[in-house]
Amino acid sequence: MGEFEKSISFDGRDIRLNVGLFAPQAGGSVLLQSGDTAVLVMATRSTAREGIDFLPLTVDYEERLYAAGRIPGGFSRREGRPPERVILTSRLIDRPLRPLFPSWLRDDLQVVAYTLSMDEQVPPDVLAVTGASIATLVAQIPFNGPMAAVRVGLVGDDFIINPTYAEIETGDLDLVVAGSPHGVIMVEAGANQLPERDIIEAIEFGYEAVQDLIKQQLDLLTDLDLQIIQEAPPEVDKSLENFISDRATDEIKKILSQFDLDKTSRDEALDVIKERIATEISELPEQDPIQLAATTDSKALGNTFKGITKQLMRRQIVEDNVRVDGRKLDEVRPVSCQVGILPPRVHGSALFNRGLTQVLSACTLGTPGDAQSLHDDLQTDQEKRYLHHYNFPPFSVGETKPLRAPGRREIGHGALAERALLPVLPPQEKFPYVIRVVSEVLSSNGSTSMGSVCGSTLSLMDAGVPIAKPVSGAAMGLIKEGDEVRVLTDIQGIEDFLGDMDFKVAGTDTGITALQMDMKISGLSVDVIAQAINQAKGARLHILEKMLEVIDKPREDMSAYAPRLLTIKIEPDMIGLVIGPGGKTIKGITEETGATIDINDDGTVTIAALEEHKARKAKNIIQGMTRKLNEGDVYVGRVTRIIPIGAFVEFLPGKEGMIHISQLADYRVGKVEDEVAVGDEVIVKVREIDSKGRINLTRLGIHPDQAAAAREAAAINR
């Protein structure tokens, strides 16, 4: 196929498409350009590998710093490990794309997206999602698309499509909606406590725009004289499935209806049935079709047994409205919470349990210097004051595996919990701490990300962080069989694994702060999504009530081991004075006081120390150094050194002046040592500040009231 260019108009903005110019050996490629943002997306299919029983799809999004006219930092001066936002964008592309490939497809698939240029008006992530669909269609890979994504913002009372970075920052909503001709596939959102009806309206608004992009893709295929590929699925021998179904269906049904079984007991009981079936198959003649089917593919027995179990569980929910643990469709598992569960050296801690899911969250308060600077990221000049990290060790599901660095799933779940709490965190002016929460998943049976939201809220309140409101979260599931739809509240592991949707909803009693919906089917109507969102509200409020029974507001006192922060403001032109040549002055203050000092470009100085008196001492030094002096001001000072013509006095921390011998007394003084000695406390008045900035002091003409006020001020500052 040769090069083809097309420009489409979308929501008052042109998107220019170029198909076939780049990456000629990729299966399909497309360059999407809107404004000065350009994203190149490639999709490639290769032959299936031996023994693969899943869809091996890899999605990689990468940013090159040349896209913003920048050179990477570090020794090598090249891009290294992808930043968190890049990993999240890879997930954003993957999640709506994956459900649209046929379930039987086993070929290796890879989608790669590069941001080649970026401006400040057009975020590249939703362009990359839509580009993944176009590249897949052009590559002629079997696909139930087209698929497209848009971002919805809320500025004032108006929804807008694909807002700029500035509009996202100042608005109350950042929502990404992805969909296919069959319905909505994915939702990802952060919101400022918006009510459910506004979120539902925004999703509907976004899906209408998605349908326009889908139509544009269909027109592109017509221009390219291409069809959407729908390959016939391979023929499947049903003999093994029928053999297992005949011998195991009644027993599996019985186990699924034993509501008192916990996860482990249920899995063990199902394993017993599967092992018995395996024994029966092994006793069949070697040339029996069932024996051949089971031995040719080592995973055939397990996958077939799992498929039968899935269908029976789904049928039980749809036909009987009964779940495997006996709960009603809208019922939450038992919830319990504890706070302050770790010693106070951990600034705040909480243990959150929902059913068999258990999350330990620990909150750490740090200084402004602990903020995360987002280096080597196309979005420059950004700093994170709130960090949420999520860990999912293998023992949490009863498995053994080597511990590795956080994967995409851990990063994604951590980012979701982080986003859920950002709207309720105090502003920096009110609470200058950098906050890190780590959620350790100790046991997992569904919805650990929402368990992290709840645990994080509790640990923040235990640490004394003055959050505006507590946040809770619940994960909703879905079973769809034909026209029959059942929405499940607080799904557990088996319902997530065997169901059609994982829809996480977090928020306060006022409204929603974060959403994340993933589908395993090719689309869902907005009406069903609305049902899930509204049903989640009852679950969130129920869980929130349980949390507030343990701690109903942030603690007034922080841990004794948390740093004490003091904030002052100095004139920006005084920053150099405080830092000193080569940082000598600020280092000296740190060594003298034991406090940590951070200075922003706007003159905000944050002083931190474990003991408040150390922070206050550093504050007094900096205030003294930067205080604007007026002639006639009176201070209490201490003599630091003596010379023949006078005495030097430190009258403010870090600030010295000289009393000339003629100003020591109202009579003639023969020697300076006759009046003062090093270490003496003296009352002094600023006599003059000369053209070189030198401060001349005097002991003469000080009114008793001025002296008393100076002593009182000195006592307070001590």
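1. Which helix is Glu 201 found in? Glu 201 sits in helix 4, where helices (H or I, at least four residues) and strands (E, at least two) are DSSP runs numbered from the N terminus. Before we go on: this is a predicted model, so local features need pLDDT of at least 70 and side-chain atom pairs count only at pLDDT 80 or more, while totals for chains, interfaces and linings use all residues. Residues are numbered from 1 along each chain as its sequence is written, and side-chain values use heavy atoms, with hydrogens and water left out.

2. Let's stay with Glu 201. At 45% relative accessibility, Glu 201 counts as partly exposed, because that label covers whatever falls between buried (under 20% relative accessible area) and exposed (over 50%), using a 1.4 Å probe and protein chains only. Together with Glu 204, Glu 208 and Asp 527, Glu 201 forms a negative surface patch. Helix 4 (residues 196-224) gives the patch its largest share, 3 residues. To be in a patch, a residue needs over 30% relative accessible area and no salt bridge; like charges are joined within 9 Å, and nonpolar side chains (Val, Leu, Ile, Met, Phe, Trp, Tyr) within 5 Å.

3. Now zoom out to the whole chain. You can find 16 helices and 29 strands in it, and the C-alpha trace spans about 120 × 65 × 50 Å along its principal axes. Of the 718 residues, 52% are buried. The accessible surface comes to about 33,400 Å², and 49% of that belongs to carbon and sulfur atoms; areas like this come from the Shrake-Rupley method with a 1.4 Å probe, and for residues only the protein chains shown count as cover.

4. What about charges? The chain has 78 positive and 107 negative ones, and their mean positions are 6 Å apart. Lys and Arg count as positive and Asp and Glu as negative, with His and the chain ends not counted. The place of a charge is taken as NZ of Lys, CZ of Arg, CG of Asp or CD of Glu.

5. Side chains of opposite charge can pair when their charged atoms come close. A search of the whole structure turns up 44 salt bridges, each being a side-chain nitrogen of Lys or Arg within 4 Å of a carboxyl oxygen of Asp or Glu. One of them joins Glu 231 and Arg 45 (3.0 Å, N to O). That pair links distant parts of the chain, 186 residues apart: Glu 231 is in the loop between helix 4 and helix 5 (239-256), and Arg 45 is in strand 4 (residues 37-46). Glu 231 is partly exposed at 34% relative accessibility, and Arg 45 is partly exposed at 30%.

6. Finally, have a look at Ile 589, which lies in helix 14 (residues 584-593). Ile 589 is buried, with a relative accessible area of 5%. Leaving out residues up to four places away in sequence, Ile 589 touches Gly 594, Ile 597, Ala 618, Ile 621, Ile 622 and Met 625; contact means heavy atoms within 4.5 Å. Ile 589 and Lys 617 are 28 residues apart in sequence and 9.2 Å apart in space, C-alpha to C-alpha.
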